[in-house]
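User: I've got a model open and want to talk it through. Can you take my questions as they come?

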Amino acid sequence: MRRPQKQRASLTIESAETVAAQALAFLASEEAHLSRFLALTGLDLARLRAEAGSREVLRAVLDHLASDESLLLTFAANAKLAPEAVARAQIVLRGEENGES
């Protein structure tokens, strides 16, 4: 009998960056979400604006969402994404495309 294979949708770096950029826009749309993100990451608004497209900031955004299930689910619903898409984007942006740490 054949074992079912785990099917994982592959995600390009560009797609992962797009998910992260959507997540950043989501955080920025709510002052409370953005303030909490800035406080927890140590970023200030000027640095966030200057480095918003950097992999470091995009990874931080996805890590922040992943650390708060309620926020993650709200973002995923608003963006019409499966919550797992955030996890896949994190893996890609960390350079762990094969899913192993």
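User: Where does Gln90 sit?
Analyst: Gln90 is in helix H6. Keep in mind that this is a predicted model.

User: Is Gln90 buried or exposed?
Analyst: Buried. Gln90 has a relative accessible area of 11%, and the cut-off for buried is under 20%.

User: What does Gln90 touch, sequence neighbours aside?
Analyst: Leaving out residues within four places in sequence, Gln90 is in contact with Leu62, Asp63 and Ala66.

User: And His64, which helix is that in?
Analyst: His64 belongs to helix H4. His64 is buried, at a relative accessible area of 6%.

User: Which residues is His64 in contact with?
Analyst: Beyond four places in sequence, the contacts of His64 are Leu27, His33, Arg36, Phe37, Leu40 and Leu71.

User: Let's do H2, then. Which of its residues are buried?
Analyst: H2 covers residues 31–41, and Leu34, Phe37 and Leu38 are buried there. They span an arc of only 95° around the axis, so they lie on the same side of H2.

User: Why would residues a few places apart point the same way?
Analyst: An α-helix has 3.6 residues a turn, so residues three or four places apart point the same way.

User: What do the buried residues of H2 pack against?
Analyst: Three helices: H1 (13–28), H3 (45–51) and H4 (55–66).

User: And which exposed residues are on the face turned away?
Analyst: Ala32, Ala39 and Leu40 are the exposed residues on that face of H2.

User: What happens just after H2?
Analyst: Gly42 comes there, with a positive phi of about 80°.

User: What about positive phi in a residue other than glycine?
Analyst: Lys80 is a case, with phi near 55°. Lys80 is in the loop between H5 and H6. Lys80 is exposed, with a relative accessible area of 75%.

User: Switching to H1. How long is it?
Analyst: H1 has 16 residues. From first C-alpha to last, H1 reaches 22 Å, close to the 22 Å expected at 1.5 Å a residue.

User: Which H1 residues are buried?
Analyst: Ala16, Val19, Ala20, Ala23, Leu24, Phe26 and Leu27. Their arc around the axis is only 160°, which places them on the same side of H1.

User: What do they pack against?
Analyst: The buried residues of H1 pack against H2, H3, H4, H5 and helix H6 (83–93).

User: How many aromatic pairs turn up in the whole structure?
Analyst: The search finds 1. The pair is Phe26 with Phe75, with ring centres 5.6 Å apart. Their planes are at 55°, so the pair counts as tilted.

User: What about Ser10, where is that?
Analyst: Ser10 lies in the segment before H1. Ser10 is exposed, with a relative accessible area of 73%.

User: How far is Ser10 from Arg88?
Analyst: Their C-alpha atoms are separated by 8.1 Å, though the two residues are 78 apart along the chain.

User: Now the overall picture. How many helices and strands?
Analyst: The chain has 6 helices and 0 strands.

User: How much of the chain is buried?
Analyst: Buried residues make up 30% of the 101 residues. The chain exposes about 6800 Å², and carbon and sulfur atoms supply 49% of that.

User: Last topic, confidence. What's the average pLDDT?
Analyst: The chain averages 88, and 86% of the residues score at least 70. H1 has the highest mean, at 97, and H6 the lowest, at 94.

User: Where does pLDDT stay under 50?
Analyst: Over residues 1–7. The model has 0 contacts beyond four places in sequence for that stretch. Where pLDDT is low, the predicted coordinates should not be read in detail.

Key: Residues are numbered from 1 along each chain as its sequence is written. This is a predicted model: local features need pLDDT of at least 70, side-chain atom pairs count only at pLDDT 80 or more; totals for chains, interfaces and linings use all residues. Side-chain values use heavy atoms; hydrogens and water are left out. Buried means under 20% relative accessible area, exposed over 50%, partly exposed in between (1.4 Å probe, protein chains only). Helices (H or I, at least four residues) and strands (E, at least two) are DSSP runs, numbered from the N terminus. The arc is that of the directions from the helix axis to the C-beta atoms. Contact means heavy atoms within 4.5 Å. Rings of Phe, Tyr and Trp (its six-membered ring) pair if their centres lie within 6.5 Å; planes under 30 degrees apart count as stacked, over 60 as edge-to-face and the rest as tilted. The expected span of a helix is 1.5 Å times one less than its number of residues. Accessible areas come from the Shrake-Rupley method with a 1.4 Å probe; for residues, only the protein chains shown count as cover. pLDDT is the predictor's confidence in each residue, from 0 to 100.
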